[in-house]
Amino acid sequence: MADKVSHAQNTQSSRSFFVAIAITTAVAFLFPFFVGDYYAYQATIIINLMIALLGLNLLTGYNGQVSLGHGAFLALGGYMMTILSVHSGLPYWLILPLAAVAGLVVGMLFGFPALRLQASYLALATLALAMAVPQLLKHGSIESWTGGVQGLQMERSPAPFGISDDKWFYLLSLSIGIISYIVARNLTRNRIGRALSAIRDNPIAAASMGVDISRYKIITFGISAMFAALSGALAALASQFTAPDSYSLGLSILLYVGIIVGGLGVLPGAIIGAIFLHFVPHLADAITKGAPGAIFGALMIASVFFFPRGLAGVFAKLLAVGRSKNIKEP
Amino acid sequence: MRKNKLRHLVGAAVVSALALSSQSVGAREIVIGQTMPYSGNASMAATLGKLHAAYFNWVNKNGGVNGHKIRFVSLDDGFSPAKSVEQTRRLVESEKVDLIFSPYGTATTLAVRRYLNTKKIPQLFVVSGVSAWGDPKFPYSIGWMPNYVIETSIHAQIILKNVEKPRIAVLYQNDDFGKEMLAGLRKSLGAKADEMIVATASYESTDPTVNNQVLLLKQSDANVFMNYSFPRFAAQAIRNVYDSGWRPLHILSQTSTSVSQVLVQAGLEKSSGLIAASYNKTGSFGKNVDDWKSDEGLSEYVTWMKENYPEGDIIDTFNSFGYALAKTMHQVLIQCGSDFSADNIMKQARSLNMKIGVMMPGIVVQTASDQPYPVRQMQPIKFDGENWKPWGDLFGAR
């Protein structure tokens with residue numbers, strides 16, 4: 001009996017869940033037509049950040065591999081976008097999947113040595129990657145390709161259907177963002193997701209249950225890097241510019257901050273983390289010009305202190321409270 | 001006395017009549033935008049933005065520019081080009097700025113150059129030393145400080161004037177700064193550059209020391225040593241050159257002329273005799289601000305700082321530099337009259353002819369429709385063991 005009730009409850013709540021999703025999606029798609037181009041551009045940045053955080057959350061939140069170097073994969077995607085469009089003239093819609101594949105391959109290659117490293121050592125190795133990439137990008141031998149320290153500008157074909165570029169690239173990012181979210185959601189909800197969490201929680205137990213740890217870890221690294229590269233490519237496309245200083249060590253650390261603040265191992269955490277990363281620095285800058293970094297740090301610590309499960313955890317809790325209320329009602 | 005008063009009254013009446021008649025367009029606010037690294041790797045430059053905020057406040061307190069008040073919006077870009085794109089768009093599309101003034105950095109400003117030119121928003125007095133500012137393809141962008149090409153052109157003139165048979169050794173940082181300095185020097189020395197430059201050595205900004213590079217260069221038996229390095233390495237090289245017993249004509253890039261940051265670190269005695277080219281007067285005065293009061297131009301700056309930006313460090317060259325930038329901006333707005341259209345702002349920014357007290361005597365901030373580089377002159381200076389002193393005549397870029 002109790003089972004039946006909760007089943008009915010579930011179908012009802014999942015129905016209302018889908019209605020809510022449908023409305024949110026519709027609003028998201030129509031949003032740029034009601035606001036100025038600048039806000040569409042800002043939203044594009046947030047979506048691109050979210051895609052990167054999704055990937056990092058899969059890796060760190062679900063699989064327990066700490067990466068402090070995801071900025072490097074963003075740089076990979078960003079530079080593929082600008083270099084290929086400047087030097088080979090490929091259209092951007094072709095470069096986007098290429099960047100994703102490149103991210104997957106490079107990520108998997110990095111996943112091999114990562115296998116041998118325990119958590120804190122992996123964090124150091126990825127940190128080294130993040131430190132090296134901006135300098136490598138400035139290196140003289142590839143300057144004719146990368147534009148060196150001054151960066152590289154790209155042209156892109158104008159938006160179709162007579163809408164503005166900013167709106168068009170927002171819609172493109174939004175579509176790719178939604179697909180990425182669904183992919184990540186499906187990954188975490190089936191056998192693979194359970195294997196990933198098992199590896200995170202107890203690798204020995206996972207191995208004895210027949211989970212191929214190496215394979216899963218490498219694949220996760222690849223997919224995570226793929227999301228990051230895609231995010232980097234979309235961001236470069238939106239701003240039509242890449243430069244080494246856009247991918248500083250700070251960016252990699254901030255991405256990590258984003259998933260912790262948003263919520264480790266909870267996918268909506270990526271959305272909340274992206275919003276946090278985008279708006280809190282603006283807020284800090286508005287509060288003081290003297291030490292915006294200190295304000296940002298304080299807000300970061302406050303959010304971790306008050307919401308240890310991440311801001312997404314707060315929303316989950318609110319939802320859960322709502323549900324239990326529903327059940328109690330006669 | 002009475003006559004004067006009367007004249008003021010009449011003047012005030014005329015001004016207010018004019019203001020009334022053109023109120024719809026005339027009394028509008030001037031909105032100035034800026035991106036600045038308040039956070040991140042380059043936050044030592046953030047004092048520029050704070051000084052500018054204080055400067056425009058001061059202008060407003062004194063009645064504004066031709067009756068127009070200024071609204072100054074300076075946003076943090078964390079020295080990231082990606083962030084500066086976003087913040088610049090916010091300034092243009094959300095804050096509706098009339099112009100961007102003194103944005104900081106090279107990549108951060110190149111990232112938005114095309115955007116601003118497409119939108120026809122003046123990008124004025126960019127704080128960047130590369131020669132890209134002045135490119136006729138981007139008529140709404142203009143730099144200010146002497147770029148690396150201008151500085152090296154002046155170095156070349158100093159060498160050719162003072163050394164009979166120059167054999168030049170160059171130490172440079174392996175990045176856009178160092179490489180553009182070396183290329184500029186080579187170009188300025190002309191056809192015989194390859195004969196004159198007998199040795200070059202570069203270092204990475206991550207290297208611990210430049211000791212090996214200096215010893216290598218010493219072996220070339222050069223009589224001129226170009227020290228194109230950033231402060232920490234410049235100090236090391238000064239010490240290494242002196243300790244190795246090598247006594248060339250030692251020329252330092254302006255980036256590293258700070259007495260406290262570089263010369264004290266190297267040792268004042270070992271720094272004695274160094275040569276540099278400078279446009280900023282403060283670099284040639286010691287650390288004692290009281291000495292500065294003897295100089296009319298500097299004392300104006302010191303008084304202004306104490307009254308309007310007391311939290312700013314007076315001997316920080318960023319501040320005297322920022323003050324000169326603000327003066328230039330102020331002058332452009334005054335010249336604009338009441339027409340703050342992008343084209344008029346650019347026209348005025350390209351017809352400057354002014355002197356600024358914190359700059360070396362004789363230096364003129366000058367532009368023309370076909371000459372987009374505001375500061376093209378520098379004064380050779382020599383370090384006497386205590387202070388930088390002017391050394392010979394002012395040079396202009398050729």
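Predicted model: local features only at pLDDT ≥ 70, side-chain atom pairs only at ≥ 80, totals over all residues.
The side of chain B that touches chain A draws two or more residues from each of β2 (70–76), α4 (81–94), α5 (107–119) and α7 (176–189) of chain B. Of these elements, α4(B) gives the most, with 10 residues.

## Extent of the interface

The contact is made by 29 residues from chain B and 27 residues from chain A, and the two chains bury about 2400 Å² between them, with 50% of that area on carbon and sulfur atoms. Within chain B, the residues that lose the most area to chain A are B:Glu86, B:Arg89 and B:Arg114, which together account for 26% of what that side buries.

## The salt bridge across the interface

Which residues meet in a salt bridge with a distance of 2.5 Å, N to O? They are B:Arg89 and A:Asp166, paired through their side chains, and the rule finds 1 salt bridge across the interface of chain B and chain A. B:Arg89 is also among the three residues of chain B that lose the most area to chain A, and a network of salt bridges links B:Arg89 with A:Asp166 and B:Glu93.

## Salt bridges within chain B

Over all chains, the structure holds 14 salt bridges, and several of them can be described together with the exposure of their partners. In the pair formed by B:Lys270 and B:Asp243, the side chains meet at 3.3 Å, N to O. This pair links distant parts of the chain, since B:Lys270 belongs to helix α12 (residues 268–271) of chain B and B:Asp243 to helix α10 (residues 231–243) of chain B, 27 residues apart. With a relative accessibility of 27%, B:Lys270 counts as partly exposed.

Another salt bridge joins B:Arg186 to B:Asp194, whose closest N and O atoms are 3.6 Å apart. Here B:Arg186 is partly exposed, at a relative accessible area of 35%, whereas B:Asp194 counts as exposed because its relative accessibility is 60%, which lies over the 50% cut-off. In the salt bridge between B:Asp384 and B:Lys389, the closest N and O atoms are 3.2 Å apart; B:Asp384 counts as partly exposed at 41% relative accessibility, and B:Lys389 is likewise partly exposed, with a relative accessible area of 42%.

## The fold of chain A

Chain A has 14 helices and 2 strands. Its radius of gyration is 21 Å, close to the 20 Å that the globule rule gives for 330 residues, so chain A is as compact as a globular protein of that length. The C-alpha trace of chain A spans about 70 × 50 × 45 Å along its principal axes.

How much of chain A counts as buried? The share is 47% of its 330 residues, where buried means under 20% relative accessible area. When contacts in chain A between residues at least 6 apart in sequence are considered, 80% of them join residues at least 24 apart.

Technical notes
Residues numbered from 1 in each chain as written. Chains lettered and ligands numbered in written order. Heavy atoms only, no water. Contact = heavy atoms within 4.5 Å. Buried area = accessible area lost by both parts, 1.4 Å probe. Salt bridge = Lys/Arg side-chain N within 4 Å of Asp/Glu carboxyl O. Helix = DSSP H or I, 4+ residues; strand = E, 2+ residues; numbered from the N terminus. Buried < 20%, exposed > 50% of the residue type's maximum accessible area, 1.4 Å probe, protein only. Rg over C-alpha atoms; globule rule 2.2 N^0.38 Å.
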